[in-house]
Amino acid sequence: MQDDSDPLLECLISNALLRFDANLRAALPRTAPQLLKFLHSVPTRPEQVLSVRAFPHFVLPYWLSPARARGADAEFQTDVIYSTISGYYSIRLCDNIADNDSSPELRKFAPCAAYLDSEFIRPYMKYFPTTHEFWSVFDEFWAKQAEASVADSLLDDVDEATFASLSSKKFTATKIPIVAVQFRYRETLTSFEQWLRFVDCLGDFAQFSNDFFDWHHDSKYRITTYVSSESKRRAPRNTVTEWFLNEGLDWGVAELKLRFDNVKLQATALGNKAVLDWVTARGRTLDSDIGKACSGLELVKTFGRITSRKQP
Amino acid sequence: MSNGKQIPAIPSNEVIFLNEAMTNEEFRNALYNAKRDRKKISDELDRLGITFSDANAKEAALDAVENINWGDLHVLEDLLGRGGLTPRMG
């Protein structure tokens, strides 16, 4: 777990999660329990938010904030995390419905996105009046996120250029709490553009990581991704499983490493210790996941050899 | 890499096994206890359509299966078979 030595961060996340859960159950008393059940893999505890495998949506704004402001401005910090949780749940709800990635019953919960969106926006209204320049940036990034998610799901084929310009932009909403922190503590201005570039780079890696490790699930549910499209492009006469066993794993691992190298470069340019520590830990987890996947596929090859061996 | 090429043939047994190892916990459990569950593995091979030249070849394969440590097989489901690492990256 990343940053588990930061009790203030854990406390802020815990408070925001508790508030989110209490507000959701109070506002939607009949539907909240089922909604939470259907939305598997969303964070409900601080350790999930802080898991190094998770995209650091919730912690990047905290890491960007001046150290002295984190505790002194705890209400703002908690509000930002609360907003991000609400936005994340809204996006997951919409994505899971769009991808058929849950019970068909989940579609009936689509109107809950309206509640989640209002909880995403509301905290910022306390800090930024309607005429504040924050809102034009908010509008831009929130719309880009929606546009990228829908446009990506409508694609029949994703090539490298489309992936870079569209699929990897599905993390753009992460920039909103970063922008909020920027406007709250103006002193972070010098590195602000670098933070946005870091989010873009991390989004590129995270989306590819999702597409790569989900290749079997996506193939089963006929979800078009860069990985599934490459499989068809590179080996159109083979199944995705055949392609994965033959060269897909090696291709995907090389792409993952390339993208993660870019994340490391951007993190180094950012020079933020907490971000660098996270990237180092994420790199170790990635190496471990790749190693395990390779050893698992070695067992597949072993099985193939055993069961096709000719008798002497 | 050229477009539209036919990749070298992957043994169909590997394709069948990978799909099964990612999704069939019962099959994986049988492999973890290959000595005890030899009969179950034999039945699973039949069910999966994995054929052998004769009964001796199948017995030899089952002997070999018993001597492999399949302990890491669960990683295929953990990493590649669940539709997303938990928690999801995005």
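Where in chain A is the place of Y82(A)? Helix α6, residues 74-98 of chain A, is where to look. The views below come from a predicted model, so please read every number in them as computed from that prediction.

**View 1. Y82(A) sits among residues from other parts of chain A.** Leaving out residues up to four places away in sequence, Y82(A) touches A16(A), R19(A), F20(A) and P123(A). Y82(A) has 24 C-beta neighbours inside 10 Å and therefore counts as buried, the threshold being 20 or more. Follow the chain to F120(A), 38 residues from Y82(A), and you find their C-alpha atoms separated by 7.5 Å.

View 2. You will find R19(A) in helix α1, which covers residues 7-27 of chain A.

**View 3. A16(A) belongs to the largest nonpolar core.** This core holds 86 residues, and those with the most contacts inside it are I13(A), A16(A), I81(A) and I85(A). Its largest share, 10 residues, is supplied by helix α11 of chain A, residues 192-213. Zoom in on A16(A) and, once its neighbours within four places in sequence are set aside, the contacts are T78(A), I81(A), Y82(A) and I85(A).

**View 4. Helices α14 and α15 of chain A come within 10 Å of each other, axis to axis.** Helix α14 takes in residues 240-270 and helix α15 residues 273-308, and their axes cross at roughly 175°. Angles over 145 degrees count as roughly antiparallel, so α14(A) and α15(A) are described that way. On the α14(A) side the meeting residues include L245(A), L249(A), V253(A), L256(A) and F260(A). Among those they meet in α15(A) are V275(A), L276(A), V279(A), G283(A) and L286(A). The residues of this contact divide into 16 nonpolar, one polar and one charged.

**View 5. R222(A) has a positive phi without being a glycine.** The phi angle of R222(A) is about 55°. R222(A) lies in a loop of chain A, between α12 (215-220) and α13 (226-234). Is R222(A) buried or exposed? R222(A) is exposed, because 9 other C-beta atoms lie within 10 Å.

**View 6. Stepping back, chain A has 15 helices and zero strands.** Along its principal axes the C-alpha trace spans about 80 × 45 × 35 Å. Of its 312 residues, 41% count as buried. Among the contacts in chain A with a separation of 6 or more, 74% join residues 24 or more positions apart.

**View 7. Chain B has five helices and zero strands.** Its elements run α-α-α-α-α from the N terminus on. Of the 90 residues of chain B, 28% count as buried. For contacts in chain B with a separation of 6 or more, residues 24 or more positions apart account for 63%.

Conventions. Residues numbered from 1 in each chain as written. Chains lettered and ligands numbered in written order. Predicted model: local features only at pLDDT ≥ 70, side-chain atom pairs only at ≥ 80, totals over all residues. Helix = DSSP H or I, 4+ residues; strand = E, 2+ residues; numbered from the N terminus. Buried ≥ 20, exposed ≤ 12 C-beta atoms within 10 Å, placed from the backbone. Contact = placed C-beta atoms within 7 Å. Core = buried A, V, L, I, M, F, W, Y, C linked by C-beta atoms within 7 Å. Axes fitted to C-alpha atoms, helices over the stretch in contact; angles between N-to-C directions. Parallel < 35°, antiparallel > 145°, perpendicular 65-115°, else oblique. Nonpolar A, V, L, I, M, F, W, Y, C, P; charged D, E, K, R; others polar.
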